[in-house]
Amino acid sequence: MPDISAFCPACGSSVAAEKFSASDPRERVLGTLAYIGLLPALVFLAVPAVRRNSFIRFHSWQAVFFSGSSILLGLALRLLFVVFSLLPIVGFLLAWLSLGIGALGIVTLWVVLVVKAAQGQHYELPLIGPLADQFAS
C-alpha cells in the first residue's frame with residue numbers, strides 16, 4: 001500500500017493509528033459507562049487505577065463537559081420556552097417545538113457518544129472535545 005494512502009483499498013478501513021483508541025473490552029465498557037451520568041465520570045476521574053488509562057480519562061472528561069453543556073442548554077431552552085410562550089397565536093407551538101428539537105438533539109448526541117465509546121473510538125465533539133483532550137493529556 002502506498003505511504004500516502006489514508007484507507008486500505010481492499011477493505012476501506014483507515015490505516016492511520018487512532019489516538020486514544022481502545023482495544024481492551026474493559027476500557028470500552030468503562031468509557032461507555034462514563035456517559036451514563038455525571039457521577040460515573042467523576043468516579044473514574046477520582047480512582048487512580050482507572051484514571052491512568054488515557055481512553056477512559058478522555059471519555060470521562062468529555063462526559064463531564066457534555067453534562068455541563070447539556071444543563072446549560074436545557075436552561076437556555078427553558079428560557080426560550082418562556083419567551084416563546086408569551087407570543088400570541090403561534091408562540092406556544094414554537095415554544096414546544098424548540099424544546100422538542102433541543103431535547104432530541106441532546107439525546108441524539110448522547111447516543112452517538114455512547115456508541116463511539118462502546119466501539120473504542122476517540123470521538124471529539126466540536127467545542128468540548130478539544131478541551132476534554134487537553135484535560136486528558
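Is T32 buried or exposed? In this predicted model, local features need pLDDT of at least 70 and side-chain atom pairs count only at pLDDT 80 or more, while totals for chains, interfaces and linings use all residues. Residues are numbered from 1 along each chain as its sequence is written, and side-chain values use heavy atoms, with hydrogens and water left out.

T32 turns out to be buried, with a relative accessible area of 15%; buried means under 20% relative accessible area, exposed over 50% and partly exposed in between, for a 1.4 Å probe and protein chains only. T32 belongs to helix α1, which spans residues 25-33. Helices here are DSSP runs of H or I with at least four residues, numbered from the N terminus. Leaving aside neighbours within four places in sequence, T32 is in contact (heavy atoms within 4.5 Å) with V114, A117 and A118.

The axes of α1 and α5 (residues 91-118) come within 7 Å and cross at roughly 165 degrees; axes are lines fitted to C-alpha atoms, for helices over the stretch in contact, and angles run from 0 to 180 degrees between N-to-C directions. The two helices, α1 and α5, are therefore roughly antiparallel, the term for angles over 145 degrees. On the α1 side the contact is made by R28, G31 and T32, and on the α5 side by V114, A117 and A118. By class, these residues divide into three nonpolar, two polar and one charged. Ala, Val, Leu, Ile, Met, Phe, Trp, Tyr, Cys and Pro count as nonpolar, Asp, Glu, Lys and Arg as charged, and the others, Gly among them, as polar.

Helix α5 also packs with α4, at an angle of about 175 degrees and with the axes 9 Å apart. That makes α4 roughly antiparallel to α5. The contact of α4 with α5 has 18 nonpolar, seven polar and no charged residues.

Within α4 (residues 54-85) sits Q62, which is buried with a relative accessible area of 0%. The Q62 side chain reaches the backbone nitrogen of L125 at 3.3 Å. Beyond neighbours within four places in sequence, Q62 is in contact with Y35, L113, Y123, E124, L125, I128, G129 and A132.

Note on methods:
Angles under 35 degrees count as roughly parallel, over 145 as roughly antiparallel, 65 to 115 as roughly perpendicular and the rest as oblique. A polar contact is a pair of N or O atoms within 3.5 Å; within protein, one must be able to donate a hydrogen and the other to accept it, and residues adjacent in sequence count only if both atoms are side-chain atoms.
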